[in-house]
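Subject: Model handover

Hello,

Here is the model we talked about. Please open it alongside this note.

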Amino acid sequence: MRVRGFMVLDIIIAGLINGSTYALLAIGFSLIFGVARIVNIAHTAFYMIASFCIFVVTHKLGYHPTVGMLVAIPLITLLGLICYKLFIDPIREHEAAVLIGTIALAIAFQEIMLIIFTGDYLSVPALIKGFFTIFGVKVFYQQLLTLVAALIILGALRLLLMNTKLGLAIRSTAEDREIANLMGMNESRVAMITMGVSVGLAAFTGAVVVPLTIINPFMWMHPLIMMMAVVVLGGMGSIKGSFVGAYILGFAEAMVVFLIPMGSFLKGSVALSIMIIVLLIRPEGLFGISFEEER
Amino acid sequence: MKRPMILMTVLVALLLVMTIGTPVLGADTIKIGVIGPMQFVQGKGHWNGATMAAEQINARGGVKVGDKKMKIELVKADSNEFLSPTDATNAMELLLTRDKVDFVVGGFRSEAVLAMQEIAMDYKKIFIGCGASHSQLCLRLAEDYERYKYWFKGTPYNEKILGKISFIHLGTVGAIIKKTLNIPQLKVAIVAEKAMWVDPMIEAAKGVIPKMGMEVAGVWQPSQAATDVTAELTAIQRADAPVIFTIFSASVGISFARQAGELKIPAAQVGINVEAQKDGFLEATQGMGNYVMTMNTYARGVEFNELTKPFMDEYIKRFGETPTYTADTYSAIIYNLVPVIEQAGTLDPDKLVPIMEKREFKAPTGIIKMESDAEGRPIHELHWGPGYTTSLGVQWQDGKLVGVWPNKWKAAPEAPEVTYKGIVPYKIPPAVIEKYKK
């Protein structure tokens, strides 16, 4: 019984940590989809570039990882805005073209990183080294930082959306682009700012997660699948849905690892199966608007 | 009128000679295709080893084929096999049709090499595998010798032999820990990535470990690209296992070693961890990979024979790193292909295969011999054992990768002891001593 008690605690802690990472990524993705109907497949590629940026600042230039974070977040946000202006904005009205265009963008980023850094596995040191033990479960300070950072960022995002004029504009645009435009909001500008916030979130995720992961040009793929699953599960465009969906899949993964040790490689598949089951019961996702209603 | 006609005829003839004659000039080179994931360490090893071999052979005038000397020309092919086995087969197809290579060396992922092998066999080209282990690659010869006889295993051993060596390493480390820390019943956690070559090894480990007087504490299988294995590590610690038997070839080897080090998991890691074979492992694990032990082909300072040191010194000088096992393209070319071509005096694969099949030769890793199956059918598998090649057990000690096995190792009670020059004693990780010292 004692072991089972520990296992529940293990699952709770691992689930919270997994879920926070997915939440950070999924909310950024969901935000730009909700506001501008942009399915940005390159979202996790920005997270990958942020990781490489931090690696360069720490390993090549010799600065503390905090400096790397401070450099990476604005730099990647700027890169995101440039990409938006050059590649996404001109084709924004064609959703399928945006989808394919952002896939191409992500692969281009991957190939560029592969040429520069090769496929070698790289890493950066933790912002806060070491771990603490809670009820017998070892937790890295970096994992705790990720969890806290995710909650702070999500809180800040909520404040931005609910308590500022920009937030009002974003919400209005997400609600109905045409009406928002008629009410005098510069819909294109709102979309661009939202893209900045979204990519900034991806860069921030890269910054807090990079010390816990392995950096390589393909590191964007697995999070992309999980992030898409979270967003679909939570309901396309729903920030609340992304938040809840992220923790559901995070806990599902943790449960697989602890309850089926020999099948821990199946954690992604199990999480995706949960998504499919939910969609079969509720096609619009947990907090999404039903497709019929949207039409 | 006659003179311009003659002039025209001469010009046309000259042009014909120049165009048709070019392949004749080109035939003075032996083209060797080097195929591998070139953006990754494994592919770089393939290319570096082959480059060194080609340069050394060309510097001494080339390869004597009958009456003429032929230079070696390498053709690089990026198989991209980590991401797409289809890319690998396309790369092999191009090597054989567009580049028209005479021989192929390289390959890494068994899944991709099995497919690449088919193409090389279609074109009846000798393909020396220098990366993939799966036994099926060689067992195909037993099923259809005429088709697959052009395949030879350069490195590594098949999964059964890899398993056997790993179990010897596990037994060695287990015995040291048992004796030093006085633990009567040692628990072993098996942690293996999910991959085709791993599954038979897990089954074998579950059977062998109890026979070695140890207990299997559990089996964990994270994905090859897992970046967070804290859940697995927590579970292993709960299982109270002082030894972790690892079977990793991918990036999970870094995540696992790093997080185990950071969480101070009191367990010695032994087995296969391909990432731990590389010079950059300690940096990739942020210094947490100390005391990890893995099977390896080379280690700085360890000599199998008189060929090891010159090869290692030249490789390190040239490329600034210790060779990984895929750099055995060097031996495949310089000690296998070239002497056989010179002996046969031809590039005809059908004349080279019988010689390669029977020949024993010395390489920097030991004596290379091709094996047959239990029924005596040639399968061109790499022979393992004392007197031939044995590979090494290496451990990260104080930031350096050192050779720790074979150290006074006996293959059988009556067999002679084997210790290579430069081998040092194994060190138990301090976290294990701290937890289990009575």
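First, a term: two strands pair if DSSP finds at least two bridges between them. Helices (H or I, at least four residues) and strands (E, at least two) are DSSP runs, numbered from the N terminus.

This is a predicted model, in which local features need pLDDT of at least 70, side-chain atom pairs count only at pLDDT 80 or more, and totals for chains, interfaces and linings use all residues. Residues are numbered from 1 along each chain as its sequence is written, while chains are lettered from A and ligands numbered from 1 in the order in which they are written.

Chain A

Chain A has 12 helices and two strands. Read from the N terminus, its elements go α-α-α-α-β-β-α-α-α-α-α-α-α-α. Its radius of gyration (taken over C-alpha atoms) is 19 Å. The globule rule (2.2 Å times the number of residues to the power 0.38) also gives 19 Å for 295 residues, so chain A is as compact as a globular protein of that length. Its C-alpha atoms fill a box of roughly 60 × 50 × 35 Å along the principal axes.

A residue is buried if 20 or more other C-beta atoms lie within 10 Å of its own, exposed if 12 or fewer, and partly exposed in between; C-beta atoms are placed from the backbone. By that count, 50% of the 295 residues in chain A are buried. Two residues are in contact if their C-beta atoms, placed from the backbone, lie within 7 Å. Take the contacts in chain A between residues at least 6 apart in sequence: 72% of them join residues at least 24 apart.

Chain B: domains

Chain B splits into domain 1 (11-156 + 305-368) and domain 2 (160-296 + 390-436). These bounds come from an automatic or database domain assignment. The two domain centres, taken over C-alpha atoms, are 33 Å apart. Domain 1 of chain B gives 11 residues to the contact and domain 2 of chain B gives eight. On the domain 1 side, two residues are nonpolar, seven polar and two charged. Here Ala, Val, Leu, Ile, Met, Phe, Trp, Tyr, Cys and Pro count as nonpolar, Asp, Glu, Lys and Arg as charged, and the others, Gly among them, as polar.

Chain B: the six-stranded sheet

One open sheet of chain B has six strands, in the order β2-β3-β1-β4-β5-β6, with mixed pairing. At its edges stand β2 (63-65) and β6 (151-155), each with a single partner strand, so one side of each has no neighbour in the sheet. Neighbouring strands are turned by 30° against each other on average, direction ignored. Axes are lines fitted to C-alpha atoms, for helices over the stretch in contact, and angles run from 0 to 180 degrees between N-to-C directions.

Strands β4 (residues 103-106) and β5 (residues 126-130) of chain B are parallel, with four bridges. B:Phe103 is opposite B:Ile126 in β5(B). Helix α2 (residues 41-59) of chain B packs on this sheet and touches β1 (29-36), β2, β3 (68-78), β4 and β5. The direction of α2 makes about 165° with that of β3(B).

Chain B: the four-stranded sheet

The other sheet to look at is open and parallel, in the order β8-β7-β9-β10 (chain B). Its edge strands are β8 and β10 (268-273), each pairing on one side only. Neighbouring strands are turned by 20° on average, direction ignored.

Five bridges join β7 (residues 186-192) and β9 (residues 243-248) of chain B in the parallel sense. B:Ile190 has B:Phe245 in β9(B) as its bridge partner. Next, β9(B) and β10(B) run parallel over six bridges. There, B:Val243 is partnered by B:Ala268. Six of the six residues of β10(B) are buried, so this strand is largely enclosed by the rest of the structure.

Helix α7 (residues 159-181) of chain B lies across β7, β8, β9 and β10, at about 170° to β10(B).

Where the chains meet

Helix α9 (residues 230-238) of chain B has eight of its nine residues buried, so it is largely enclosed by the rest of the structure. Among the buried ones are B:Leu233 and B:Ile236. Just after α9(B), B:Asp240 takes a positive phi of about 60°.

Best wishes
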